[in-house]
Amino acid sequence: MTFYKSHRVFFQDNLLYTECMARRYWFKTHKAGIVRYPSTWEGWLVIIAYLAGLVYFFLQADSISHFLTPFLIFSALLISVSYLKSEL
């Protein structure tokens, strides 16, 4: 009976551990509070995809006004992903 209880506690601890690992943050918050920077490879992948998208649309745009819309869309996506996947 004691083994079962200790095993169950371990299982609960392990469950809590896996829940924390599932909520791993891609971005960390700077000391100031609003600046976020990547802390995992997924965060860096988001930053690289953001920059690659901006470079692609900058090279395809024939004027600066055609670049403004993709810039705003990509920036809004970056801000929302970094907000959702960061510690508060």
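Me: Which exposed residues does H2 carry on the face turned away from its buried side?
Reply: Trp41, Ile48, Val55 and Leu59. Buried is under 20% relative accessible area, exposed is over 50% and partly exposed is in between (1.4 Å probe, protein chains only).

Me: What kind of model is this?
Reply: This is a predicted model, where local features need pLDDT of at least 70, side-chain atom pairs count only at pLDDT 80 or more, and totals for chains, interfaces and linings use all residues. Residues are numbered from 1 along each chain as its sequence is written, and side-chain values use heavy atoms, with hydrogens and water left out.

Me: OK, and what's the secondary structure of the protein?
Reply: Three helices and two strands, in the order α-β-β-α-α along the sequence. These are DSSP runs numbered from the N terminus: helices are H or I with at least four residues, strands are E with at least two.

Me: Back to H2. Which of its residues are buried?
Reply: Glu42, Gly43, Val46, Tyr50, Gly53 and Leu54. Looking down the axis of H2, these buried residues fall within an arc of 120 degrees, so they line one face of the helix. The arc is taken from the directions that run from the helix axis to the C-beta atoms.

Me: Why would residues three or four places apart point the same way in an α-helix?
Reply: Because an α-helix has 3.6 residues a turn.

Me: What do the buried residues of H2 pack against?
Reply: Strand E1 (27-29), strand E2 (36-38) and helix H3 (64-84). Contact here is heavy atoms within 4.5 Å.

Me: How far does H2 reach from its first C-alpha to its last?
Reply: H2 covers residues 41-60, 20 residues, and reaches 28 Å, close to the 28 Å expected at 1.5 Å a residue. The expected span is 1.5 Å times one less than the number of residues.

Me: And H3, how many residues and what reach?
Reply: H3 has 21 residues and reaches 30 Å, close to the expected 30 Å. Its buried residues are Phe67, Pro70, Ser75, Leu78 and Ser82. They cover an arc of only 140 degrees around the axis, which puts them on the same side of H3. Their cover includes E1, E2 and H2.

Me: Which residues make up the largest nonpolar core?
Reply: Six of them: Phe27, Val46, Tyr50, Leu54, Phe67 and Leu78. H2 and H3 are the elements that give two or more residues to this core, and H2 has the largest share with three. By nonpolar core I mean a set of buried Ala, Val, Leu, Ile, Met, Phe, Trp, Tyr and Cys residues joined through side-chain atoms within 4.5 Å.

Me: What is Tyr50 in contact with, leaving aside neighbours within four places in sequence?
Reply: Phe71, Phe74, Ser75 and Leu78.

Me: Switching topic: how many salt bridges does the structure hold?
Reply: One. The side chains of Arg24 and Glu42 meet at 2.8 Å, N to O. Arg24 lies in the loop between helix H1 (2-22) and E1 and Glu42 is in H2, so the pair ties together parts that are 18 residues apart in sequence. The cut-off is a side-chain nitrogen of Lys or Arg within 4 Å of a carboxyl oxygen of Asp or Glu.

Me: Is Glu42 buried or exposed?
Reply: Buried, at 13% relative accessible area. Arg24 is partly exposed, at 38%.

Me: What about Ser82, what does it touch beyond residues up to four places away?
Reply: Phe27 and Arg36. Ser82 is in H3 and is buried at 12%. Ser82 and Phe27 are 55 residues apart in sequence and 6.2 Å apart in space, C-alpha to C-alpha.

Me: And Val81, what does that touch on the same terms?
Reply: Trp26, Phe27 and Val46. Val81 also lies in H3, and is partly exposed at 26%.

Me: Where is Tyr37 found?
Reply: In strand E2. Tyr37 counts as partly exposed at 37% relative accessibility. Leaving aside neighbours within four places in sequence, Tyr37 is in contact with Trp26, Phe27, Lys28, Thr29 and His30.

Me: Last one: what percentage of the protein's residues is buried?
Reply: 18% of the 88 residues.
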